[in-house]
Amino acid sequence: MRLLLIEDNVPLADELTALFTQNGYAVDWCTDGRDAAVMATSEPFDIIILDLGLPGRPGLTLLEQWRADGLDTPILILTARSSWSERITGLRAGADDYLPKPFHPDELILRLQALVRRRHGQRPSPTISVAGVVLDENGQSAWRTSNETPVNLTRAEFAILRYLMLHPEHVIAKDRLLDHLYDSEHDRNPNVVEVHINHLRQKLGRGVIITQRGQGYRFGGDSVVA
């Protein structure tokens, strides 16, 4: 999952970037509302974390403009403005969730997971379950329901498997995987994706991810073989 963090408090943004990275998100960060206005619509983000008190352009104005322009990316407002009237204003403007500062990091991560699952039709649960494979987002592990023995995943393996499981009916091109799994500063090496996918196959079975020649990868689910 690729995440856009819009926050002008540098120490907080540093902490959040580390938190999101540990939980399998690729993070792009900007501090100014004018930069955010362009960035949110020019890159394929899966979720946006938005502060309201931004220099350049207010967060609420950004939110209203994005929704008016048809941007449907899930947006969570993270702000010091905590009154009920401000929450209502933010939600009416098109926010999917609203979390006031200060907050507990675990609550923020759980809210992000819930927004992503809801967008992809998954039930509210700490796990993603598709076609005989279960992925534990909090533990970053996975197992097949046929044997229920969890295997630990690296951060990259977890990110790839989560993205494919959230799009089980789609063939995902390698470029699309790179766009959604790496931030704009990361060296996007297509060969690295192949290495991580091979590791996933070794851990969960050769068929867990199917290669569609000339097109990309597809989640194989319970077609896996030992």
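Reply: Starting with a sheet: four strands form an open one in the order E6-E7-E8-E9, and the pairing is antiparallel. Keep in mind that this is a predicted model.

Me: Which are the edge strands there?

Reply: Strand E6 (127-130) and strand E9 (151-152). Each of them pairs on one side only.

Me: How many bridges join E6 to E7?

Reply: Four. E7 covers residues 133-136, and E6 and E7 run antiparallel.

Me: Which residues face each other in that pair?

Reply: Ser 129 has Val 134 in E7 as its bridge partner. Val 130 stands opposite Val 133 in E7.

Me: What about the phi of Ala 131?

Reply: Positive, about 50 degrees, although Ala 131 is not a glycine. That residue is in the loop between E6 and E7.

Me: OK, new topic. How is the chain divided into domains?

Reply: Domain 1 spans 2-120 and domain 2 spans 127-219. The contact takes 17 residues from domain 1 and 19 residues from domain 2.

Me: How far apart are the C-alpha centres of the two?

Reply: The centres of domain 1 and domain 2 lie 25 Å apart.

Me: How much area do they bury between them?

Reply: About 1,400 Å² between domain 1 and domain 2. Carbon and sulfur atoms carry 45% of it.

Me: What's the polar side of that? How many residue pairs are in polar contact?

Reply: Ten residue pairs between domain 1 and domain 2, with both residues at pLDDT 80 or more.

Me: Which elements of domain 1 give two or more residues to the side touching domain 2?

Reply: Helix H1 (10-22), strand E2 (26-30) and helix H5 (105-119). H5 gives the most to that side, with four residues.

Me: And by class, what is on that side of domain 1?

Reply: Seven nonpolar, six polar and four charged residues.

Me: How many salt bridges are there between the domains?

Reply: One between domain 1 and domain 2. The side chains of Glu 137 and Arg 117 meet in a salt bridge, at 2.6 Å from N to O.

Me: And how many in the whole structure?

Reply: A search of the whole structure finds 13 salt bridges.

Me: Give me another one of those.

Reply: Take Glu 43 and Arg 2: their side chains meet in a salt bridge at 3.1 Å, N to O.

Me: Why does the pair of Glu 43 and Arg 2 tie together parts apart in sequence?

Reply: Because Glu 43 lies in the loop between helix H2 (33-42) and strand E3 (47-50), while Arg 2 is in strand E1 (residues 2-6). The parts so tied together are 41 residues apart in sequence.

Me: Last one, backbone again. Which peptide bond is cis?

Reply: The one from Lys 101 to Pro 102, with omega near -5 degrees.

Me: Where does Pro 102 lie?

Reply: In the loop between strand E5 (97-100) and H5. H5 is also the helix that gives the most residues to the side of domain 1 touching domain 2.

How values were computed. Residues are numbered from 1 along each chain as its sequence is written. This is a predicted model: local features need pLDDT of at least 70, side-chain atom pairs count only at pLDDT 80 or more; totals for chains, interfaces and linings use all residues. Side-chain values use heavy atoms; hydrogens and water are left out. Domain bounds come from an automatic or database domain assignment. Contact means heavy atoms within 4.5 Å. Buried area is the accessible area (1.4 Å probe) that two parts lose on being put together, summed over both. A salt bridge is a side-chain nitrogen of Lys or Arg within 4 Å of a carboxyl oxygen of Asp or Glu. A polar contact is a pair of N or O atoms within 3.5 Å; within protein, one must be able to donate a hydrogen and the other to accept it, and residues adjacent in sequence count only if both atoms are side-chain atoms. Ala, Val, Leu, Ile, Met, Phe, Trp, Tyr, Cys and Pro count as nonpolar, Asp, Glu, Lys and Arg as charged, and the others, Gly among them, as polar. Two strands pair if DSSP finds at least two bridges between them.
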